[in-house]
Amino acid sequence: MKLWCCGFFITVLTSAWAGSYRLEEVTLVPGMSPEISGLSFSPSGRLVVTNRHGEVWTCDPAKRDWLLFAFGLHEPMGVLAISDREIYVSQRPELTRLVDANGDGKADDYMTVSDDWGITDNWHEFTFGLYQDAEGNFVVSMGLPDTAGPLNTLNPRLPLDTAKVYKEAKPSVGPWQGWVLKITPQGEIIPWGSGFRCPEGVGLSPDGEIFVTDQQGDYIASSPLVHVKRGHFYGHPASLKWAPGWKNKQPTPAELEALRTPPAVVLPHGSMGGSPGEPVWDTSQGKFGPFGGQVFVGDFVKLISRVDLEKVGGEYQGACFPFLRDGVGAEDIARSNGGNFLTIPAGGEGKKYFRDVAPLEGTRLRQGNNRLRFAPDGSLYVGQTARGWSVGDGLQRIVWNDETPVEILTMRLTERGFALTFTTPMDRAKLRDKRSYRMERFRYLYNQAYGSARVDASDVALADIKVSDDGRRAELIFSEPDPGFIYALALENLVSTTGQPVENPEAYYTVNRTLSGRQFTGPLGAALTPPEPELKNAGPVANVKNGQKVYLTYCAPCHQPTGTGGGLPGLTAADFTADNSPLRKPDAELLQTISRGVEGKGMPPFGDSLAEKDRRDALAYIRATFGKKK
């Protein structure tokens with residue numbers, strides 16, 4: 001359906017979800033690269049975007065009078081419009097000031113503000129984000145390169161250090177790679193926080209505090225939202241060599257645990273996407289619905305999530321919820337193909353971790369949702385670039401239809417459990433029924449492994465439920481929640497007083513501290529409960545059904561649900577269906593590859609993040625599904 005509005009056409013994507021919100025396609029002009037990598041609005045309300053091809057475009061959001069403001073930049077990933085005539089861009093090698101001197105809508109001057117960081121032109125290197133704090137300092141983040149691609153060490157602008165700490169797959173070879181930085185208007189670097197792997201999303205809260213999303217991988221068990229404090233370390237050791245006063249020693253795992261500051265909120269891999277982008281705060285004063293003050297986060301997969309933060313013991317923690325997503329059932333994953341494999345839940349373990357939620361017909365949220373920005377009218381713009389991993393790039397926006405969605409509004413810690421508030425009055429009888437809630441808890445391990453399986457998982461039995469008279473609040477009582485755990489909540493058949501179900505009946509609360517002040521004191525890199533006994537042979541005891549779940553979670557993002565592999569040059573995952581398939585090798589060799597990975601080829605090690613049983617089950621599924629039939 002198309003509507004005529006303010007002199008331009010918009011496409012309204014109809015869906016069951018459209019009762020509360022609608023998704024609109026923002027049309028770009030011919031010749032404009034759709035790989036949107038940065039979004040900003042000038043004080044006058046003019047929309048400014050960058051794309052990965054090095055261009056800066058501007059337009060009046062109502063007229064869509066796109067103008068090419070600047071070009072020739074090196075993969076810019078952030079933009080900040082100070083005015084219609086002064087725009088800053090963070091590109092790979094530098095922070096750049098663009099000025100339209102004569103007022104014709106095109107930049108006349110390109111000026112380097114700062115370029116004092118390392119770069120090798122590796123495929124995984126980026127300079128992300130761009131915000132300005134109250135003192136006028138610019139906030140950016142630096143990703144780490146990847147040993148699966150070349151590291152160009154010829155004629156570096158700044159000295160490189162190719163020595164690796166623990167031989168990471170993502171080393172920090174140049175100054176400030178893996179850091180969040182502030183840059184003064186005069187170009188001086190202020191190191192702010194370290195330990196990041198690929199901090200793709202940079203955000204600034206209404207109070208001026210820096211938050212960053214990072215990407216699951218080595219030393220990052222599951223993608224987090226991190227509150228970045230000056231001088232703190234957040235997990236990946238490669239960047240420590242650039243810390244002021246650091247002696248370039250190799251820290252032990254125990255020393256890393258002691259140094260590490262935990263993330264504010266963990267986004268459980270699969271359930272809450274797989275590769276989060278920019279976090280933005282709803283400061284629309286009610287123009288975007290009932291979620292004022294909360295954080296919205298895009299993801300590479302077809303997901304927009306939201307986060308409700310609170311301070312406990314002076315530190316941020318809180319809950320995350322899906323907001324807009326595709327279907328999440330195992331069948332939706334199986335229907336995916338190599339061009340569109342990262343549907344929610346990013347290949348997650350089917351019904352084990354995720355509810356089956358029917359696809360929202362017509363929603364058509366694309367992948368690569370890396371950039372979000374609220375417009376002056378309260379709509380949420382979504383910039384998308386898939387960077388060759390999949391199809392679908394462009395610009396969309398989400399608009400509230402002035403109808404209150406039925407959702408969990410907040411999930412807050414109490415002395416004996418959690419308190420839920422809802423956006424609308426709920427059926428009090430169902431709200432009091434313990435069968436309306438399913439809760440479990442789990443941990444992730446902090447170590448060099450590529451991500452982590454969920455460990456120390458257990459169900460949480462509710463002792464009591466207290467419900468408010470207006471049906472807007474339910475207190476779930478069991479005992480004091482334990483620090484160091486993520487508490488997963490799923491609602492079962494809970495409806496509003498008008499009979500409407502909760503649209504996104506899931507929540508995940510990260511407990512770093514309790515109200516009594518307790519913090520986790522156990523090992524971060526080891527499970528508290530003994531692991532299951534390892535199997536000594538794959539034989540007939542292998543569970544192919546479990547192997548399918550493991551494969552779809554950990555293997556399909558690269559090898560595809562179809563087993564046909566593919567990917568970027570230099571990072572091509574093996575094709576299990578080809579004549580030269582690795583499946584010609586014996587089990588022992590393949591299990592060793594799964595466990596140890598292949599350095600420099602993009603194959604991560606799963607020996608620490610997957611139990612031996614899961615690794616064997618996955619291999620059994622791969623052989624049964626993709627092996628050559630004799």
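**Strand E27 and its surroundings**

User: Which residue in E27 is the bridge partner of Arg22?

Analyst: The bridge partner is Val399. Keep in mind that this is a predicted model.

User: How do strand E3 and E27 pair, and over how many bridges?

Analyst: They pair in the antiparallel sense, over five bridges. Strand E3 covers residues 21–25.

User: And which way do E26 and E27 run, and how many bridges join them?

Analyst: E26 and E27 run antiparallel, with five bridges joining them. Strand E26 spans residues 380–384.

User: What stands opposite Arg397 in E27?

Analyst: That residue is Tyr381.

User: How many residues of strand E27 are buried?

Analyst: Seven of its seven residues, 394–400, are buried. The strand is mostly covered.

User: Which residues point one way from E27, and which the other way?

Analyst: Gly394, Gln396, Ile398 and Trp400 point one way. Leu395, Arg397 and Val399 point the other way. All of them are buried.

User: Why do side chains alternate in a strand?

Analyst: I can give you the rule: in a regular strand, side chains alternate between the two faces of the sheet.

User: New topic. How many aromatic pairs does the structure hold?

Analyst: There are 27 aromatic pairs. One of them is Phe291 with Phe296: the ring centres are 6.2 Å apart and the planes sit at 75 degrees, so this pair is edge-to-face.

User: Are Phe291 and Phe296 buried or exposed?

Analyst: Phe291 is buried, and Phe296 is too.

User: What about the rings of Phe291 and Phe323, how far apart are their centres?

Analyst: Their centres are 6.0 Å apart. The planes are at 85 degrees, so that pair is edge-to-face.

User: Where in the chain do Phe291 and Phe323 lie?

Analyst: Phe291 lies in the loop between strand E21 (276–281) and strand E22 (295–299). Phe323 lies in strand E24, residues 315–325. So the pair ties together parts that are 32 residues apart in sequence. Both Phe291 and Phe323 are buried.

User: Which residues do ring pairs link into a cluster with Phe291?

Analyst: Tyr21, Phe288, Phe296, Phe323 and Phe374 are in the cluster with Phe291.

User: What lies over the face of Phe321?

Analyst: Arg306 does, at 4.3 Å from the ring centre. Over the ring of Phe442 sits the charged end of Arg454, 4.3 Å from the centre.

User: Is Cys59 buried or exposed?

Analyst: Cys59 is buried, because its relative accessible area is 0%. Cys555 also counts as buried, at 14% relative accessibility.

User: Where does Thr261 lie?

Analyst: Thr261 is in the loop between helix H1 (253–259) and strand E20 (265–266).

User: And which side chain makes a polar contact with the side chain of Thr261?

Analyst: The side chain of His232 does, at 2.9 Å. Leaving aside residues up to four places away in sequence, Thr261 touches His232, Phe233 and Tyr234.

User: Last one. Which helix does Lys545 lie in?

Analyst: Lys545 lies in helix H4, residues 544–559. With a relative accessible area of 61%, Lys545 is exposed.

User: How far are the C-alpha atoms of Lys545 and Ala618 separated?

Analyst: They are separated by 8.9 Å. Along the chain, Lys545 and Ala618 are 73 residues apart.

Key:
Residues are numbered from 1 along each chain as its sequence is written. This is a predicted model: local features need pLDDT of at least 70, side-chain atom pairs count only at pLDDT 80 or more; totals for chains, interfaces and linings use all residues. Side-chain values use heavy atoms; hydrogens and water are left out. Buried means under 20% relative accessible area, exposed over 50%, partly exposed in between (1.4 Å probe, protein chains only). Helices (H or I, at least four residues) and strands (E, at least two) are DSSP runs, numbered from the N terminus. A polar contact is a pair of N or O atoms within 3.5 Å; within protein, one must be able to donate a hydrogen and the other to accept it, and residues adjacent in sequence count only if both atoms are side-chain atoms. Contact means heavy atoms within 4.5 Å. Rings of Phe, Tyr and Trp (its six-membered ring) pair if their centres lie within 6.5 Å; planes under 30 degrees apart count as stacked, over 60 as edge-to-face and the rest as tilted. A charge sits over a ring if NZ of Lys or CZ of Arg is within 6 Å of the ring centre and within 35 degrees of the ring normal. Two strands pair if DSSP finds at least two bridges between them.
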